[in-house]
Structures are given as structure tokens and as C-alpha cells.
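Student: I have a model open and want a quick walk through it. Can you take me around?
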Amino acid sequence: MTLNAQRFSTVQITKMILIAFVDAVISGFYLKIFPFDYTINLAVVILPIYYYLDRRLVPAVTGIFIGSVGLIFRTLTGFYYYGSFANAFWADFNFLYFDLMYGIVFTILFFRNENKTLYTFFFAALAADFLGNAAEFISRFGVADYVSNSVMATLMLVAVIRATLAVVLISAIKYYNFFLRKEEHDERYRMQMNLLSELRGEMYFLKNNTEHVESVMDEAFSLYREYDGLTFEAQKTKALNIAKNVHEIKKNYFKVIEGIDEIILKETPFDMLKLMDLTKMLYLSTQRSIDNEHRNITLVFDVHSETQIHEHSMLMSVLRNLVNNAIEAIGNYGEIKLLHSEDQDKHYFIITDNGCGMTQDTLAYIFKPGFSTKYDDDTGNSNRGIGLSLVQDIVDKYFDGQIEVDSIIGVGTKFKLTIPKNKV
């Protein structure tokens, strides 16, 4: 948790410094649209767009970075114009009042406002612009000049224009993103349709093969019943026919497996996926399943890594099996946690639940194919137990990793995964 928090803070600071630098550069560009001597600074048009698109940016804090970097930038570039660094520094010092006031007002009216719409955005940009300009003007010329003549009206008009331009740009970005998402959605739909059609063909083949299985079973059973009444040659012939049919079934199933595997590899929509995005998909699908089954289970997924995962389908299979296993162990009430950490070489996952737990005798068998602790009293059926066996097989053989489990009766179960980064 500490490492993730530090990484997040570093990313945000880097982002604020970058925004401050870009703002300092763009602040040199103006639009002259008034007949009198006043221009529109483009940097102030773009500034609120940063805050709208990235809701984690705190405008008041970002304003400090913008004001500080901007003052340094203008001091360095204004040396030749003002004759000295000191003159350049004090000539542009008053811009700090605008940046600080803008950030404070925008923080109060938009950042802390739960109802973040384009209307609240426009009002916040308008008020922050007007009051920021007022703070700068008063610091330069005093209150008397500010309230006299038409200064207030001019600054209000400028604020309205810049806030309107910002809203127009935001609307254009949202409109563009909408078409991008729609195009991506259509492409994914087409891919899913292709995948579904090919899988249905393979499933049709599998269904036909099940009829073949039934005929082999019937023939084997008839051999059993008629064994004593058949001649030796007849017995050999029937046994040979059964062996041939089993061989054909085996070949057919191998073809289907190869076909499905080829389809899945061919139709994979993306090669790489961020780990945090992968676990978010798992969280959402699991939460929907829990909600549909009306279970009171709390999911806590603490995964913030932006590491790109290539073998995301296999890793998803492992994590999904372990989370589903935890759900079955809990029943209707409890909590499941999926925690992640990493170092330079390995990923570490911990999946815990506060379910019924397992005895040490049970722990010795949970990774055995066919073993299961899940028995249905109503139907008499038990889970075939392939989930944990599959998990261990993937972790050990496919990822060359390790899986450990600890469990205490009445307390819960903890699975620990260690997976080399170069395997995923």
C-alpha cells in the first residue's frame, strides 16, 4: 500500500509539473478579438480542461506549480526584455495572484462539487477566471482603478469568452471520444460475433461426437452382457470395433481442442493488458455475479500496477478460480481480498477469505484432481474439484511460479502466488 501511494503521488507531481510547463509555454500565445487593447490568453482557456479530464488533480495545488514554474519561465525568457533577472521576476510576479486565486476558486466550485457537469464546470471556470484576473489587477493597480471605468465589465467579458471556449473544447473532446468508443464497440462486437460463430461450429461438432460416445458405450455394454454367449472371434471383433471407435472419438476431440485454441488465440482483442485493468474486469464480473446471487460478500481488490500483461487470459483463469473458490468457501456472508505487490522480477498475489477454513488433512488434498470440499446435500453432487488442480498446474508449469495455501478452521483461507514477471 505504501509503495502504491508513493508511486501515485510521484505520478501526480510529475503531471502537475508537466502541466505547469505546458501552461508557461502556451501563455505566450494570445487571441486579439477586442477592438481595444486586450487579448485572450490561450493558456487560461486550456487550464480548466486539465481539471475536467483528470479529476484527481487538485486545482489549488496545481495552481501553485503553475504559478511557480510560470514565474521562473517568464523570468528566464524576459531577461533581455527587462534588462535583468530581477526586473523580469518582479514584472511578472503578479501573475502568481491569478494562478493561486484561480486554483482556489476552481477547487471550491468544481473539484469539491459532487455534481460535476458542464454547467458547474462553466460556472467554476467563469468565476475562477474573473476572480483570478481581479486579484492580479488589484495587486498591480489597486482597488480604485479596478472599480473605476469598465475594468470589471471587461474582465467579466473575458472570463465568459474563455469559459465558453473551454466548454466548447470539452464538448468537442467528448464528442470525439464518443465516436472512438462507438467504433471500438462495433469492432469488438464484430470480433465477438466471429468468435461466437466459430465456437458454435466447434460445439456442433462436439455434440455430434457425444452421440458417437453413446454408441460406443452401448456397444461396450452389449459386449459385457453378451460376453459369455459370444465366440472368441466375435468377442475380438466387438472389442476391436470399440477400440476403433474410441480412437476416432479421441482424434475428433483433439481436432476440436485445436480448433477452439486457434480461435481463441486468433480472436484475442488485445495482446497486452494492464494488470490493474485485468483485475478491474475480474472485480466487476465477480461483483455482478455476487449481486445476482444476492450474497452479502465484500470484495476488496488492491491492485494498482500498470505493468503490461501478455498472458492475461491465463492469469485471469488463475485469479478467477481462486476468487470463485473463496466465494464458495464463504457462502452468503463475508469478505474476499485480492492484494498485489511486485518487485523487479516477480508479481505477488494474496487472495484471502474469512470463510469456514480447512483442516490440515484437507489441505494435503486440495490440489488433487477430483478432490472437492463442496458437496450439495440436496442433489448429492459434488464439485469435481478441477479448479484448484488447474490453478496449480498453470502456476507451476505454465508460469513457473509458486502457490502456497494457509487455512485455519473458522478463520479463513489464504492463497499466496509468486509469478515471475518474464512469464506473464
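**Helices, sheet and confidence**

Tutor: Start with a helix pair: H11 passes H12 in a right-handed crossing. Right-handed means that the near helix is turned clockwise from the far one by less than a right angle, and left-handed means anticlockwise. Helices here are DSSP runs of H or I with at least four residues, strands are runs of E with at least two, and both are numbered from the N terminus.

Student: At what angle do H11 and H12 pack, and how far apart are their axes?

Tutor: About 35 degrees, with the axes 11 Å apart; H11 covers residues 275-292 and H12 covers 312-330. Axes are lines fitted to C-alpha atoms, for helices over the stretch in contact, and angles run from 0 to 180 degrees between N-to-C directions.

Student: Which residues of H11 and H12 make the contact?

Tutor: From H11, they include Leu275, Leu278, Met281 and Leu282. From H12, they include Leu315, Met316, Arg320 and Val323. Contact means heavy atoms within 4.5 Å. The residues of this contact divide into 10 nonpolar, four polar and one charged. Ala, Val, Leu, Ile, Met, Phe, Trp, Tyr, Cys and Pro count as nonpolar, Asp, Glu, Lys and Arg as charged, and the others, Gly among them, as polar.

Student: Is this predicted or experimental? Tell me about the source.

Tutor: It is a predicted model: local features need pLDDT of at least 70, side-chain atom pairs count only at pLDDT 80 or more, and totals for chains, interfaces and linings use all residues. Residues are numbered from 1 along each chain as its sequence is written, and side-chain values use heavy atoms, with hydrogens and water left out.

Student: What is the mean pLDDT of the protein?

Tutor: The mean is 78, and 73% of the residues reach 70 or more. pLDDT is the predictor's confidence in each residue, from 0 to 100. Over residues 375-386 the pLDDT is below 50.

Student: Now the sheet. What is the strand order?

Tutor: S4-S6-S7-S9-S8, five strands in an open sheet with mixed pairing. Two strands pair if DSSP finds at least two bridges between them. S4 (296-302) and S8 (402-408) stand at the edges with a single partner strand each, so one side of each has no neighbour in the sheet. From one strand to the next, the twist averages 10 degrees.

Student: Which way do S4 and S6 run, parallel or antiparallel?

Tutor: Parallel, joined by seven bridges. Val300 stands opposite Lys337 in S6. H11 packs on the sheet and touches S4, S6 and S7; its direction makes about 175 degrees with that of S4. H12 also packs on the sheet, touching S4, S6, S7 and S9.

Student: And S6 with S7, parallel or antiparallel?

Tutor: Antiparallel, with seven bridges between S6 (residues 333-342) and S7 (residues 346-353). A hairpin of three residues joins S6 to S7. S7 also pairs with S9 (residues 412-420), in the antiparallel sense over eight bridges. There, Tyr348 has Thr418 as its bridge partner.

Student: Switching to single residues. Thr75, buried or exposed?

Tutor: Thr75 is buried, because its relative accessibility is 9%. Buried means under 20% relative accessible area, exposed over 50%, and partly exposed in between, with a 1.4 Å probe and protein chains only. Thr75 is found in helix H3 (residues 59-77). Leaving aside neighbours within four places in sequence, Thr75 contacts Phe85, Ala88 and Phe89.

Student: What about Arg112, buried or exposed?

Tutor: Exposed, with a relative accessible area of 65%. Arg112 lies in the loop between helix H6 (95-111) and helix H7 (118-141).
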